[in-house]
There are 2 protein chains.
Amino acid sequence: MKRKLKDKISICEVFYVNKEKINAVKKVMKPNETIISLAQTFKVLGDPTRTKIIFALSKEELCVCDIAALIGISQSATSHQLRVLRNMKLVKYRKEGKIAYYSLDDNHIRNLFDEGLRHVEE
Amino acid sequence: MKRKLKDKISICEVFYVNKEKINAVKKVMKPNETIISLAQTFKVLGDPTRTKIIFALSKEELCVCDIAALIGISQSATSHQLRVLRNMKLVKYRKEGKIAYYSLDDNHIRNLFDEGLRHVEE
DNA sequence: TTATTATATGAATATATGTTCAAATATGAT
DNA sequence: ATCATATTTGAACATATATTCATATAATAA
């Protein structure tokens with residue numbers, strides 16, 4: 001063993017934990033709330049139905065029924081998912097009579113989405 | 001009613017579906033497999049534990065036990081999540097004796113991650 | 001060989017989540 | 001007022017998923 005024992009500590013009952021590396025990363029680790037928010041944002045984009053909705057809204061402002069017809073799910077399911085997206089501030093809507101027109105609330109989302117597409121489409 | 005009835009059709013038993021808009025979006029809609037892959041990628045990033053792992057690995061190559069110690073979860077849970085990330089080709093590893101050193105497999109992920117952070121941190 | 005260590009894996013459990021169904025609002029037309 | 005339509009909402013159900021625990025590999029040391 002070449003390394004000094006000081007560099008290794010025992011947590012989780014396993015040796016060979018490199019303390020320096022861990023501290024280096026800990027120093028730049030984002031605060032927990034940031035991580036939670038980030039994970040939530042990704043999670044919301046991580047359902048095919050919502051992914052389709054976001055994609056559609058990135059092209060056109062659409063009403064609930066248009067979205068439902070477009071992606072082929074019930075109007076109720078659409079509304080439920082739109083609420084999730086609304087709560088995360090990813091979409092907004094304006095009302096015109098009975099009809100609610102939804103659109104993207106944030107341009108970051110478009111970028112995030114495009115970056116994701118680039119990853120998937122290579 | 002000013003618009004011609006032709007533009008409105010009845011799907012899901014609701015009127016006021018705008019056929020033109022739907023067709024316009026349908027034309028540019030990504031194929032289902034693309035949507036599924038995209039959603040899967042986002043979903044994998046959408047769990048706080050995995051988010052932390054990805055963040056850590058974006059800074060340092062780390063072994064399983066380092067990761068576990070760093071984010072404060074069990075080695076088993078870490079290993080399970082690393083498998084998820086491995087399956088999605090988001091991380092790779094090299095073995096040095098008993099130790100498995102993990103790192104990011106793909107730079108797109110770093111960009112995706114940074115774009116997400118920008119959205120969250122404003 | 002046996003012992004130790006780092007990681008992986010399978011089963012079980014508890015929790016989260018997406019859809020459906022039914023019913024409730026909300027708005028406009030008759 | 002009543003009727004029709006667009007959307008929302010709550011409850012129920014079924015499925016997915018993250019963690020834990022116990023055990024199994026894999027690699028090295030003694």
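Reader: What is the relative accessible area of R118(B)?
Author: This is a predicted model, in which local features need pLDDT of at least 70, side-chain atom pairs count only at pLDDT 80 or more, and totals for chains, interfaces and linings use all residues. Residues are numbered from 1 along each chain as its sequence is written, chains are lettered from A and ligands numbered from 1 in the order in which they are written, and side-chain values use heavy atoms, leaving out hydrogens and water. Buried means under 20% relative accessible area, exposed over 50% and partly exposed in between, with a 1.4 Å probe and protein chains only. R118(B) is partly exposed, since its relative accessible area is 43%.

Reader: Which residue forms a salt bridge with R118(B)?
Author: A salt bridge requires a side-chain nitrogen of Lys or Arg within 4 Å of a carboxyl oxygen of Asp or Glu. For R118(B) the closest N and O atoms of the pair are 2.7 Å apart. The partner counts as buried at 10% relative accessibility, and it is E115(B).

Reader: Why does the salt bridge between E121(B) and K30(A) join two chains?
Author: The side chains of E121(B) and K30(A) meet at 3.3 Å, N to O. E121(B) is partly exposed at 40% relative accessible area, and K30(A) is partly exposed at 26%. The pair joins two chains because E121(B) lies in helix 6 (residues 107-121) of chain B, whereas K30(A) lies in the loop between helix 1 (19-28) and helix 2 (32-45) of chain A.

Reader: How many salt bridges cross the interface of chain A and chain B?
Author: Over all chains, the search of the whole structure finds eight salt bridges. E121(A) pairs with K30(B), their closest N and O atoms being 3.4 Å apart. Across the interface of chain A and chain B, the number of salt bridges is two.

Reader: Which element of chain A gives the most residues to the side that touches chain B?
Author: Contact means heavy atoms within 4.5 Å, and 59 residues of chain A are in contact with 59 residues of chain B. Between the chains, eight residue pairs with both members at pLDDT 80 or more are in polar contact. Elements that each supply at least two residues to this side of chain A include strand 2 (14-18), helix 4 (64-71) and strand 5. With twelve residues, the element that gives the most is helix 6 of chain A.

Reader: Which residue in strand 5 of chain A is the bridge partner of C63(A)?
Author: Strands pair if DSSP finds at least two bridges between them, and three strands of chain A form an open antiparallel sheet in the order 3-5-4. Strand 3 (62-63) and strand 4 (91-96) are at the edges with a single partner strand each, so one side of each has no neighbour in the sheet. Two bridges join strand 3 to strand 5 (residues 99-104). In strand 5, the bridge partner of C63(A) is Y101(A).

Reader: How many residues apart are E61(A) and R94(A)?
Author: The side chains of E61(A) and R94(A) form a salt bridge at 2.7 Å, N to O. E61(A) is in the loop between helix 3 (48-57) and strand 3 and R94(A) is in strand 4, so the pair links distant parts of the chain, at a separation in residues of 33.

Definitions and conventions. Helix = DSSP H or I, 4+ residues; strand = E, 2+ residues; numbered from the N terminus. Polar contact = N/O pair within 3.5 Å; in protein donor to acceptor, adjacent residues only side chain to side chain.
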